[in-house]
Amino acid sequence: MRKIELEIVALSHSITQTHSYAVVLGEVNGLRRLPIVIGGFEAQAIAVALEKMQPSRPLTHDLMKNFMNAFNIELHEVVISNLQEGIFYSKLICYSNDETIEIDSRTSDALALAVRFGCPIFTYENILNSAGILLDDPAGKKSGVKPVTPTISEHEKGAEDDLKVLNLDELTQLLQEVLEQEDYIRAIAIRDEINSRKSH
């Protein structure tokens, strides 16, 4: 399977789900985005590394990096390797003494380590096709990472069931609106509703 390189383009918090965040990965030289829901602790771990902040004591991922460096283990790349029932699975591809080692990892932990090591992040075409979101506007590509406070659209004021009353064209339009607002948590729910209708 062909690997596709991704980069972190945004961290976004949800206004509809308390303590939920999305890390948004963008296809390098492409328009597809892969939003992944993570918890607050994981979002903080990624943000601290992206902003190059130096905590007074090492955080868990800093400790892991220090441990790996102490034993000459190089994190070569992170691969988001599987998607099952909405859960992303990742592998850390490490080198040590001319040996390649694959280590299973939660995707949020893998991303936090990738930022600290400065290593590339990859996924496969089938994962990007099933869980990715395509941006219509080439100017929509973000540079840099920033926390986002999305605004509430009329459709977002209702419950999740409100998506079921919209037709496919309305869902597609709503998806573009929430992507412009960078509310990636809401975009995930809309994308999943669109995909479930297309599979029937």
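**View 1. Glu193 and its salt-bridge partner.** Glu193 counts as buried, at 12% relative accessibility, in this predicted model. Its partner in a salt bridge is Lys164, with the closest N and O atoms 3.3 Å apart. Lys164, by contrast, is exposed, with a relative accessible area of 54%. Glu193 belongs to helix α6 (residues 184-198), whereas Lys164 lies in the loop between β9 (147-148) and α5 (168-180); the two are 29 residues apart.

**View 2. The salt bridge between Glu125 and Arg32.** The side chains of Glu125 and Arg32 meet at 2.7 Å, N to O. Glu125 is in helix α4 (residues 125-131) and Arg32 in strand β3 (residues 32-39), so this pair ties together parts 93 residues apart in sequence. Arg32 counts as buried at 15% relative accessibility, while Glu125 is partly exposed at 25%. Shared partners join Arg2, Glu27, Arg32 and Glu125 into one salt-bridge network.

**View 3. The salt bridge between Arg106 and Glu42.** In this pair the side chains come to 3.0 Å, N to O. Glu42 is buried at 13% relative accessibility; Arg106 is partly exposed at 45%.

**View 4. The nonpolar cores.** The largest nonpolar core has 34 residues, with Leu34 and Leu75 making the most contacts inside it. Helix α3 (residues 107-117) supplies the largest share of this core, six residues. Apart from it lies another core, of 13 residues, including Ile133, Leu135, Leu174 and Ala189.

**View 5. The surroundings of Leu75.** Beyond residues up to four places away in sequence, Leu75 touches Met68, Leu92, Ile93, Cys94, Leu113, Ala114, Phe117 and Cys119.

Note on methods: Residues are numbered from 1 along each chain as its sequence is written. This is a predicted model: local features need pLDDT of at least 70, side-chain atom pairs count only at pLDDT 80 or more; totals for chains, interfaces and linings use all residues. Side-chain values use heavy atoms; hydrogens and water are left out. A nonpolar core is a set of buried Ala, Val, Leu, Ile, Met, Phe, Trp, Tyr and Cys residues joined through side-chain atoms within 4.5 Å. Buried means under 20% relative accessible area, exposed over 50%, partly exposed in between (1.4 Å probe, protein chains only). Helices (H or I, at least four residues) and strands (E, at least two) are DSSP runs, numbered from the N terminus. Contact means heavy atoms within 4.5 Å. A salt bridge is a side-chain nitrogen of Lys or Arg within 4 Å of a carboxyl oxygen of Asp or Glu.
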